Amino acid sequence: MNATARPADSLAGPLNRAIGVRDLAAFVHRRGDIHHRYEKATLAEEGIARQKEWQKQRGGGYRREFFVSGEWHGVEVAGRVDGWDSAAGVVEEIKTTRVDARALHEHQGHLNLAQLKLYAGMLALAGEAPKLLRLVYLHPDEPGELVLEEPADADELTAFVERTCAAYADWLGVVAARVARRDASLKALDFPYGEFRSHQHWLARRIYRAWRDEEHLLVDAPTGSGKTMAAAFPAFKALGEGEVDRLVVLTSRTTGQGAFERAFGDLADAGARVSTVTVTAKARICFNPELPCDPDLCQFARGYFDRMPAARDDLLARGAVDRAAVEEVARAHRVCPFELSVDAAAWSDAIVGDCNYVFDPVVRLARLQTPTFPRAAMLVDEAHRLGERVRDMLGATLSRGVVKDALKECSRSLEHAGAAAALPGLRSVDRALASLAREVFGAARGRVDAEREIEPPATLLRAIDRLLHDGSRGVELPHGGAAQDAWFGLTRLRLASEWAASAREAGDDTDFAWIARWQGRNLEVELVCAAPGAHIRTRLDDFHGSVRMSGSFRPQATYQQVQGFGEDAAAVKVPGRADGLGLLVVPDVSTYYRDRERTLPRLARLIRDVTQAHPGGYLVAFPSFSYAEQAHAAFAACLSQVDGMGPATRCQQRTMDLEERAAFIDWLGKVESADDARARVAFVVMGGVFAESVDYPPEALDGVIVVGPGLAPKSLGRDLVARAATARGFDGHAVGYRQEAMTRVVQAAGRVVRGPGDQGLVLLVDPRFTEASFTEFYPGHWQPQRIRAHDAGTHARSFWA
Ligand code: SF4
C-alpha cells in the first residue's frame with residue numbers, strides 16, 4: 001500500500017532519505033532511560049509463531065503483515081503493519097517479549113505507541129479510516145496478553161506523520177550541510193606530510209580504486225611503509241569525491257586505533273572537516289563499571305535519551321574525536337559514554353572500533369550501518385588476525401566449573417529473587433553436563449585429561465534453553481557475580497549453537513564442530529568454528545568495498561582462504577626495505593619444550609653477546625610467559641658473571657594495567673646519554689601487546705630476538721581447524737598451527753626498522769626457522785643469514801660497525 005500524500009521536498013546532498021518506521025519513531029520520539037533489561041527485550045524470530053496465533057484469532061477482513069510506504073518532506077518511510085481490521089478501523093502493533101510486559105511498556109511504551117501512530121497515520125494518508133490504536137504484548141511460550149488501546153483521530157494521525165517526517169528532514173538537512181562542507185574541504189585536501197614515501201602514492205591510489213570500484217582488496221605492506229596514511233588519505237578523498245559515504249576502520253588492538261586517530265588528527269590539521277568517532281569497548285569506557293545499566297543506579301543511564309541528541313551534536317561538531325573527547329562530552333551532558341559514542345558514530349563520517357563491532361554476532365552494532373550512508377567503505381587494519389579473531393567470536397566454551405560456581409552463589413543468595421529463580425535451571429544444566437561427562441569419558445573420567453569430538457549435545461542445549469527463558473522474565477541475577485558470568489557463557493554457547501545450525505541449514509561454508517574436554521577433573525564443552533571464511537566474506541560484502549591491511553600476509557593464499565576469498569582475489573604487495581635490516585637465523589639453539597632447560601644457558605649468552613655488542617633497546621620475544629620468566633632469570637645469572645654494569649632488564653608481567661604498559665614502553669624508549677649507554681632488554685611474549693602493534697619510536701629499539709616459532713600445543717580444536725582447511729584443498733597444518741605462530745614472529749620482528757633510514761637487527765632462534773614450511777611465511781624483503789649461536793656477538797658487532 002503506497003501512501004504518498006505530498007510531493008517530496010528536496011534535500012541537499014547525496015544522503016539516502018529512506019528510513020524504516022521503527023527507526024524513524026526511535027530517532028524522533030525516543031525519550032527516557034537506558035535499561036539493560038529492556039534494551040533488547042522484544043523478540044523477532046522467536047515471537048513469530050505466537051504472533052501468528054494471535055493474528056489467526058482476529059475476525060474476517062483482518063489483514064496481517066503488509067507493507068506501507070510514503071514520502072513526506074523528502075523522507076521516504078516504509079514499514080510493515082502487524083494488523084489492520086478495516087471494518088472496525090483497528091490498527092495493531094504486536095510486540096513479543098519474555099520480560100514483564102507492563103514493565104516493558106512503562107519503559108518504552110511511548111516508543112511503541114509512536115510506531116503504531118505512524119502506521120495508523122500512513123494508513124489514514126492512504127485513504128483508510130483508523131479509529132482505534134491497539135498495542136499488544138505477547139509472551140512467545142505462554143498464553144495471555146497485555147492489550148492497550150486508545151481511540152484514533154485520522155487528522156491527528158496524519159499530522160503526527162507530517163511532524164515526525166519534518167523533524168527527521170530537518171536533521172537530514174543539518175547532516176547534508178555538514179557533508180557539503182566536508183566534501184569541499186576534502187576536495188582541496190593535500191597530503192598532510194608533504195612528500196609521499198616510496199610506494200605510498202601508488203598504494204594510496206590503489207586503495208582509492210578499491211573503494212571506488214567496490215573491490216575487496218588485501219594489502220600486504222610491511223611495517224614502516226606508511227600504510228596508515230596511505231589508507232586514511234584516499235579514504236578521505238573517496239569521501240570528498242562522493243565515491244563512498246563513510247569509512248569504518250576496524251582494528252584488533254587499541255594501539256592500532258591510536259595510529260588511525262593520529263592520522264585523522266593530522267588530516268584534520270591539514271584542513272579536512274571530517275567527523276570521526278572512536279568506539280571504545282563498554283567495559284573499558286563505562287563510568288560505573290561496578291553497576292548494571294539501570295537508571296535507578298547509574299545516573300548516566302537515567303534520562304539518557306533526553307540528553308543524548310545535544311551530546312551527539314556536540315561530539316560530532318568536534319571533528320576528529322578520540323576516547324578522551326567522548327568521555328569529556330559524556331560527562332558534560334551526563335550521558336553514558338559508550339552509548340553516546342555509538343549514537344554519534346552512526347552519524348559520523350568515519351568510525352574507529354574493534355573488529356567485533358562488525359564480525360561478532362553478539363556485540364555487532366547494527367547502528368554503525370545506518371541506511372542514510374549506504375556506501376560504507378571498510379578498512380581492516382592488522383587483518384592477519386581476522387581469521388583467528390572471528391573463529392573466537394563464532395565459537396563458545398562452557399566449563400562445568402563456572403556452572404558450579406554459579407550454583408554455589410545462587411544457593412547462598414536465596415533472598416535474591418533472581419538467584420532463587422535461576423537455581424532449578426542451573427541444577428538441570430549441571431546434571432546435563434555431568435551426564436555428558438559420563439557418556440563421553442566413562443570410566444576414564446577423573447584419571448586422564450582427554451578431549452573428544454561429539455555430536456551436538458541436545459540434552460544440554462535444551463536445559464540451557466529452559467534456564468535462559470525462565471530467567472528472562474524480569475528477575476535479575478546478582479550483578480557482577482559468578483551467576484552472571486555463567487549466564488553470559490550459557491547465552492554465548494546457545495547463540496553459537498544457533499549460528500552453527502543455521503549455517504548448516506543454509507549450506508554455507510562455515511564449519512562448526514563440538515568438543516567435550518575433560519581437564520583437571522572438570523568438563524568443558526566447546527563449539528569450535530573451524531572455518532570462519534564464509535562469515536567474514538558475508539560481513540565484508542555488506543560494505544562498499546573493503547581493504548584488509550597487514551605486514552604479515554605471506555603466504556597470501558592461506559590468508560585469502562581463511563578470510564573467505566579465493567587465491568585470485570584482489571591483492572597488492574608493497575616491497576619492504578632490506579637495507580637497514582640485519583636478519584640472523586640461529587638454528588643451533590633448540591627451543592622445543594623438551595630442550596628448553598638444556599639450551600637456556602646458551603640462549604642467555606646469546607642475548608648477552610648481542611645486546612653488549614651494541615648497547616641499545618632490545619625486545620626478546622618468547623612463546624609464553626613462563627619461558628620469558630625462565631630466560632629472564634637465566635640472563636640475570638649470566639650477567640652476574642660479567643664485570644661492570646650490565647644491561648637494564650624488564651620482564652612483561654601476566655597482568656599489567658594501561659599505566660604499567662605505558663611505563664614499560666617509556667622505559668624501553670628512554671635513551672641514556674652517550675657516556676652512560678646501557679642496553680635495555682625487555683623480555684616479552686609474542687602476540688602480546690609489546691611484541692605486536694606498538695609503534696616504538698625509531699630510537700627506542702635496536703633489535704628483536706625471537707625465541708622459537710611459538711607453535712600452539714597440539715589440540716583437537718586446532719586439528720579441526722586443520723581438517724577444515726585440508727578439506728578445502730589447503731595445507732591444514734599451516735592454517736591450524738603455523739600461520740598464527742609465524743604471524744606473531746613476523747609481527748615481533750617488525751617492531752624494528754619501521755621507516756626509511758632506520759637500522760635494526762633481528763635474530764630468529766630455533767632450527768625450524770630454516771625449514772621451508774616456516775620460511776614460506778617470511779616477508780619477501782627478508783634476507784636471512786644463517787649463523788651459529790656463539791658467533792652472534794661478532795655478527796652483531798659487524799652489523800653495527
Ligand atoms: S555508564 Fe556504564 S553502567 Fe552507566 S549506562 Fe553506561 S555502560 Fe551502563
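Hi everyone. Let me start with the residue classes I'll be using: Ala, Val, Leu, Ile, Met, Phe, Trp, Tyr, Cys and Pro count as nonpolar, Asp, Glu, Lys and Arg as charged, and the others, Gly among them, as polar. And please keep in mind that this is a predicted model.

With those classes in hand, let's go to the second largest pocket. Its lining has 16 nonpolar, eleven polar and ten charged residues. The space inside comes to about 860 Å³. There are 37 lining residues, and the closest to the centre of the pocket are Ala712, Pro713, Arg718, Glu740 and Arg744. Which elements give two or more residues to this lining? They are helix 13 (386-394), strand 13 (396-399), strand 16 (522-531), helix 23 (716-727) and helix 24 (732-749). Helix 24 gives the most, with five residues.

Searching the whole structure turns up one cavity of 30 Å³ or more. The largest cavity has a volume of about 50 Å³. Around it you'll find His384, Gly387, Glu388, Arg391, Val562, Gln739, Glu740 and Thr743. Two elements give two or more residues to that lining, helix 13 and helix 24, and both of these names were also on the list for the second largest pocket. Glu740 comes up again too: it lines the largest cavity and is among the residues closest to the centre of the second largest pocket.

Let's move on to the ligand. Which residues are around it? Here they are: Lys282, Cys286, Phe287, Asn288, Leu291, Pro292, Cys293, Cys298, Ala301 and Cys336. This shell has eight nonpolar residues, one polar and one charged.

Helix 3 covers residues 101-125, 25 residues in total. The C-alpha atoms at its ends are only 31 Å apart, while a straight helix would reach 36 Å at 1.5 Å a residue. Where does helix 3 bend? The bend is at Gln108, by about 75°. After helix 3 comes Gly127, with a positive phi near 100°.

Terms used. Residues are numbered from 1 along each chain as its sequence is written. This is a predicted model: local features need pLDDT of at least 70, side-chain atom pairs count only at pLDDT 80 or more; totals for chains, interfaces and linings use all residues. Side-chain values use heavy atoms; hydrogens and water are left out. A residue is near a molecule or strand if one of its heavy atoms lies within 4 Å of it. Helices (H or I, at least four residues) and strands (E, at least two) are DSSP runs, numbered from the N terminus. The expected span of a helix is 1.5 Å times one less than its number of residues. The bend at a residue is the angle between axes fitted to the seven residues ending there and the seven starting there. On a 1 Å grid over the protein atoms alone, a cavity is a set of points where a 1.4 Å probe fits but cannot get out, and a pocket is an open set with protein on both sides within 12 Å along at least five of seven lines; lining residues have an atom within 4 Å of a point. Grid points are joined across faces, edges and corners, and a volume is the space filled by probe spheres set on the points.
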